[in-house]
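Biologist: I have just opened this one and have not looked at it before. Can you walk me through it?

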Number of protein chains: 4
Amino acid sequence: MNNLNTNMTHAGRPRDEAAKSAIMTATMTLLKDFKFANLTIERIAKEAGVGKATIYRWWGSKENLLLETFLDTADDHVVFNQEAPLLDDFKQVIVELTVVLDSALGRALITAILEDRDLLDQFHQRFFEPRRQQASQLLRRGIDDGLIKADINIDVVLDMLFGDVYMNVFFYGKALDTASIDVILTSFMKGIMI
Amino acid sequence: MNNLNTNMTHAGRPRDEAAKSAIMTATMTLLKDFKFANLTIERIAKEAGVGKATIYRWWGSKENLLLETFLDTADDHVVFNQEAPLLDDFKQVIVELTVVLDSALGRALITAILEDRDLLDQFHQRFFEPRRQQASQLLRRGIDDGLIKADINIDVVLDMLFGDVYMNVFFYGKALDTASIDVILTSFMKGIMI
Amino acid sequence: MNNLNTNMTHAGRPRDEAAKSAIMTATMTLLKDFKFANLTIERIAKEAGVGKATIYRWWGSKENLLLETFLDTADDHVVFNQEAPLLDDFKQVIVELTVVLDSALGRALITAILEDRDLLDQFHQRFFEPRRQQASQLLRRGIDDGLIKADINIDVVLDMLFGDVYMNVFFYGKALDTASIDVILTSFMKGIMI
Amino acid sequence: MNNLNTNMTHAGRPRDEAAKSAIMTATMTLLKDFKFANLTIERIAKEAGVGKATIYRWWGSKENLLLETFLDTADDHVVFNQEAPLLDDFKQVIVELTVVLDSALGRALITAILEDRDLLDQFHQRFFEPRRQQASQLLRRGIDDGLIKADINIDVVLDMLFGDVYMNVFFYGKALDTASIDVILTSFMKGIMI
DNA sequence: GGATAAGCGAGACGGTACGTCCCGTCTTCCT
DNA sequence: AGGAAGACGGGACGTACCGTCTCGCTTATCC
């Protein structure tokens, strides 16, 4: 199996994990001062105290580096609790999603994604879809429990909810505060609850 | 006033309108082959048969050129009819919005906007807000006419609707077809109609 | 004719002669500290206060730059007087040749020539052959004047003379002083004079 | 004494002679396709199927590797017979010298020598001087035997002869054929023989 | 015969330089 | 004064090698 090979040792000097994390840290640091288009591999390498080739060796492009760095910090967040009450669970996830997206890293990633189909696919597969599946399940359980109208189109309904979050972060350039999230969720629920 | 000067004649040779439109045309043409980050002033100048300085003289930056080119082609579209039935009017606007955004020009503009606060403000002021105002008025009239629930939060509700459009275009990378728009609008209306 | 076009003005900004001479000066300066293999375009550009592209624009390679710089400073020297007595004329040319070759510029050029057939051809055509022709004429005149044996092979004889100069400069790493040149010329003449 | 240690056994794995000769072979092979400046340690290592460190361990630099490789193949050649007639002995040595120098290895070595004083010294000590001493002895014996003029300056005379060989190989880029060598030697002898 | 030492191929490391592309500015001549 | 052409100083690209350094492994001597 391939998975077994993943941990196999290779000939030659093994990669330097300290360099890897220095590069990711530098990427995050520099994104506070530079927009993605002005973030250069050369600057990252310098900031990380690393040769350019080391970055190209492991990520191949600025875009891949960005995605990995994002997932590395974001993957533990934006997770549905599955046991909290439906509304609370959604609320917490939206708050976390807002925080993760409305960061230098998040904004840069979205920028990159809009210009790069491959990156978009990677992002969907590794970040977006898993969370969408969970939200979907949650709504289905709400329907089973008789809390939510049975005739809603789950996909459309979720796109509206999360689309709203994205719009606020990216189109109005503002993160949502807790109060706004309450307003949004209330409007949202009003339309779908029994 | 500045506006008065706009039509004033100056000493020296006047601006060459042919060059202006050649530049905009070249911009649109090249965006079919290059993403915004790879679209260079030098390439545009060459494609348009124009000196680089001419572009810098009139637009100052790639971003401004992009916005002007977008508005030049998009400004006549995405306009509410105001006389058609509410649902039809929304539907037509969403179709046009989808078409305009899901183009090389539209996608490039959004990309640029996400990285450029000034450009975002310009885009809001000159494209987004006027249309949002119209949609807002439309909903208010619907409320007055007793078609739509009086207790909705108009801003939130519009963000959900348009946010959904944006999500589909940018996050799923697909333009909405007519059938999908019907589904979205139906879901949307179900939540807000009396 | 092509020659006429050479002086024709072109569209666009003309090349900056100050940059040209700054680059050549920098090349000569840096060759005092670096051997040719360690002389980098980047260092020359920095020393000359010039962009790398300017160097590549006009010379295309380090080798070409070197040759032009050499010819620029060496072309006025190593010229036969044609009126001085035969021996004096040869002597003066050998002194000048020694000086020109035993310089940072000269040594670097020879190094480059040994690795680069095209450069060798250029060097022959633009520096070596004209001088060889003159030396050849001089010997022929010496034969006509009854000063030099008529049965010598001029080519072989000249190669021996100049080969000796080259050997001393490059193989023994020492420039010839006036006394040595006297010794060489005496030996040389002894073999060919009547 | 140090010399005694040369054959002493050490702890640890002994040097791999197969690797040594693979490296030298690779050096010679690659010099057919690459000039010395473009011959890289990395390429040699790959061609020889060897780690880079092995090369640095034993030679320390590209220049040293080159010299050792040259001596390894050239040291048996260019040797005066000492018993053949004077002219034949010189002739044979010049032929062999020409062959050895006009090879990828020989040309590369001269290139390297011109840029590297240490290498020049090594080359003189280990290749050039021994042969020059022999040529010198030969001429002295010729003088003793009354074959050669007693008043020649042996050093100058030899530099002229060998300088000519070098000039032809390096400056005209052509090896000498047997006929040319005859011409040269005839001219040479005419000047020095009684 | 187990410990120690050095050599080996592989290949990652921090760097330097490559030759190219583009930046935004400038300098020429022409309209 | 605008415009096309194109050179300018500068910065970054992605690649190739530098000489050094870990790895796991092999092959020797030493105790």
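Modeller: One term before we start: a polar contact is a pair of N or O atoms within 3.5 Å; within protein, one must be able to donate a hydrogen and the other to accept it, and residues adjacent in sequence count only if both atoms are side-chain atoms. Also keep in mind that this is a predicted model.

Biologist: Fine. How many residue pairs in polar contact are there between chain C and chain D?

Modeller: The count there is 4 residue pairs, with both residues at pLDDT 80 or more. Salt bridges across the interface of chain C and chain D number 0 by the rule used.

Biologist: Which helices of chain C supply residues to the side that touches chain D?

Modeller: Helix 7 (104–115), helix 8 (117–144), helix 9 (154–171) and helix 10 (178–192) of chain C each give at least two residues to that side. Helix 9 of chain C has the largest share, with 11 residues. By type, the residues on the side of chain C that touches chain D are 18 nonpolar, 8 polar and 10 charged.

Biologist: What area do chain C and chain D bury between them?

Modeller: About 3,400 Å², with 62% of it on carbon and sulfur atoms. In residues, 36 of chain C are in contact with 37 of chain D.

Biologist: How many salt bridges does the rule find across the interface of chain A and chain B?

Modeller: The rule finds 0 there. It does find 4 residue pairs in polar contact between chain A and chain B, both residues being at pLDDT 80 or more.

Biologist: Why do you say chain A and chain B meet through the same surface?

Modeller: Because 100% of the interface residues of chain A are also interface residues in chain B. As for the superposition, chain A can be laid on chain B by a turn of 179° and a shift of 0.1 Å along the axis, with an RMSD of 0.2 Å.

Biologist: What about across the pairs? How far apart are the closest C-alpha atoms of chain B and chain C?

Modeller: They lie 10 Å apart, and no contact joins chain B and chain C. Chain B and chain D do not touch either; their nearest C-alpha atoms are 33 Å apart.

Biologist: Back to salt bridges. What is the count over all chains?

Modeller: It comes to 32. One of the salt bridges is between the side chains of R126(B) and E68(B), at 3.2 Å from N to O. This pair links distant parts of the chain, since R126(B) is in helix 8 (residues 117–144) of chain B and E68(B) is in helix 5 (residues 62–74) of chain B, 58 residues apart.

Biologist: Let's look at one chain alone. How many helices and strands are in chain A?

Modeller: Chain A has 10 helices and 0 strands. The C-alpha trace of chain A spans about 60 × 45 × 25 Å along its principal axes.

Biologist: What does UniProt annotate at residues 17–77 of chain A?

Modeller: An unreviewed entry gives "domain: HTH tetR-type" for that span. Residues 17–77 of chain A are 70% helix and 0% strand, with end C-alpha atoms 23 Å apart. UniProt, again from an unreviewed entry, also places the feature "DNA-binding region" at residues 40–59 of chain A. That span is 75% helix and 0% strand, and its end C-alpha atoms lie 14 Å apart.

Definitions and conventions
Residues numbered from 1 in each chain as written. Chains lettered and ligands numbered in written order. Heavy atoms only, no water. UniProt positions renumbered as here; feature names shortened; annotations may be inferred. Helix = DSSP H or I, 4+ residues; strand = E, 2+ residues; numbered from the N terminus. Contact = heavy atoms within 4.5 Å. Buried area = accessible area lost by both parts, 1.4 Å probe. Salt bridge = Lys/Arg side-chain N within 4 Å of Asp/Glu carboxyl O. Nonpolar A, V, L, I, M, F, W, Y, C, P; charged D, E, K, R; others polar. Least-squares fit on C-alpha atoms with pLDDT ≥ 70 in both.
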